[in-house]
Amino acid sequence: MDIQIPADFWEEDVEGVISSWLYDDGDTVEKGDVIVEVMVEKVMHELEAPASGILKQLVAEEEPAAKGSVVGRIE
């Protein structure tokens, strides 16, 4: 299952930055765990795991991420 930044995650039409992954690539996560923090114009947003499984990070920390983009995967 893809980990996608929701299109309505923030209001402004700007890109965010992956601030930090709270789990390492390959870690087991549970549905609802906060797994990644996205910084948008000095405001932190938290994204939860959409399912339980093994986390695969697709976007590195400090890399930009747009609304609607896939930043990781739960396998």
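The dialogue below goes from the whole chain to single residues.

Tutor: Please keep in mind throughout that this is a predicted model.

Student: Let us begin with the overall make-up. How many helices and strands does the protein have?

Tutor: One starts with the inventory of elements and then their order. Here there are 0 helices and 8 strands, and from the N terminus the order reads β-β-β-β-β-β-β-β.

Student: Which share of the contacts joins residues at least 24 apart?

Tutor: Here one looks at contacts between residues at least 6 apart in sequence, and 57% of them join residues at least 24 apart.

Student: How should I read the surface and the charges?

Tutor: One takes the area with its composition, and then the charge count. The accessible surface of the protein is about 4400 Å², with 45% of it belonging to carbon and sulfur atoms. There are 5 positive and 19 negative side chains, and the centres of these two sets are 4 Å apart.

Student: Let us turn to the interior. Which residues have the most contacts inside the largest nonpolar core?

Tutor: In soluble globular proteins, nonpolar side chains tend to be buried together. In this model, buried residues account for 33% of the 75 residues. The largest nonpolar core holds 19 residues, and Ile-5, Ile-18, Ile-35 and Val-71 have the most contacts inside it. Strand E2 (16–21), E4 and strand E8 (70–74) each give two or more residues to this core. The most comes from E4, with 4 residues.

Student: What does Ile-35 touch beyond four places in sequence?

Tutor: The contact list of a residue shows which parts of the chain meet there. For Ile-35, the list includes Ile-3, Ser-20, Trp-21, Val-29, Leu-47 and Leu-55.

Student: Is Ser-20 buried or exposed?

Tutor: The cut-off for buried is under 20% relative accessible area. Ser-20 has 16% relative accessibility, so Ser-20 counts as buried. This residue lies in strand E2. Beyond its neighbours within four places in sequence, Ser-20 is in contact with Ile-35, Val-36, Glu-37 and Glu-61.

Student: Where is Leu-58 placed, and which residues does Leu-58 touch?

Tutor: Leu-58 sits in the loop between strand E6 (53–57) and strand E7 (64–65). With a relative accessible area of 40%, Leu-58 is partly exposed. Not counting residues up to four places away in sequence, Leu-58 touches Val-70, Val-71, Gly-72 and Arg-73. The C-alpha atoms of Leu-58 and Arg-73 are separated by 7.3 Å, while the two residues are 15 apart along the chain.

Student: Finally, the backbone. Which phi does Glu-41 have, and which does Lys-42 have?

Tutor: Glu-41 is not a glycine, yet has a positive phi of about 45 degrees. Lys-42, also not a glycine, has a positive phi of about 70 degrees. Glu-41 lies in the loop between strand E4 (34–40) and strand E5 (43–48), and Lys-42 is found in the loop between E4 and E5. Glu-41 is exposed at a relative accessible area of 55%, and Lys-42 is exposed at 80%.

Key. Residues are numbered from 1 along each chain as its sequence is written. Side-chain values use heavy atoms; hydrogens and water are left out. Buried means under 20% relative accessible area, exposed over 50%, partly exposed in between (1.4 Å probe, protein chains only). Contact means heavy atoms within 4.5 Å. Accessible areas come from the Shrake-Rupley method with a 1.4 Å probe; for residues, only the protein chains shown count as cover. Lys and Arg count as positive and Asp and Glu as negative; His and the chain ends are not counted. The place of a charge is taken as NZ of Lys, CZ of Arg, CG of Asp or CD of Glu. A nonpolar core is a set of buried Ala, Val, Leu, Ile, Met, Phe, Trp, Tyr and Cys residues joined through side-chain atoms within 4.5 Å.
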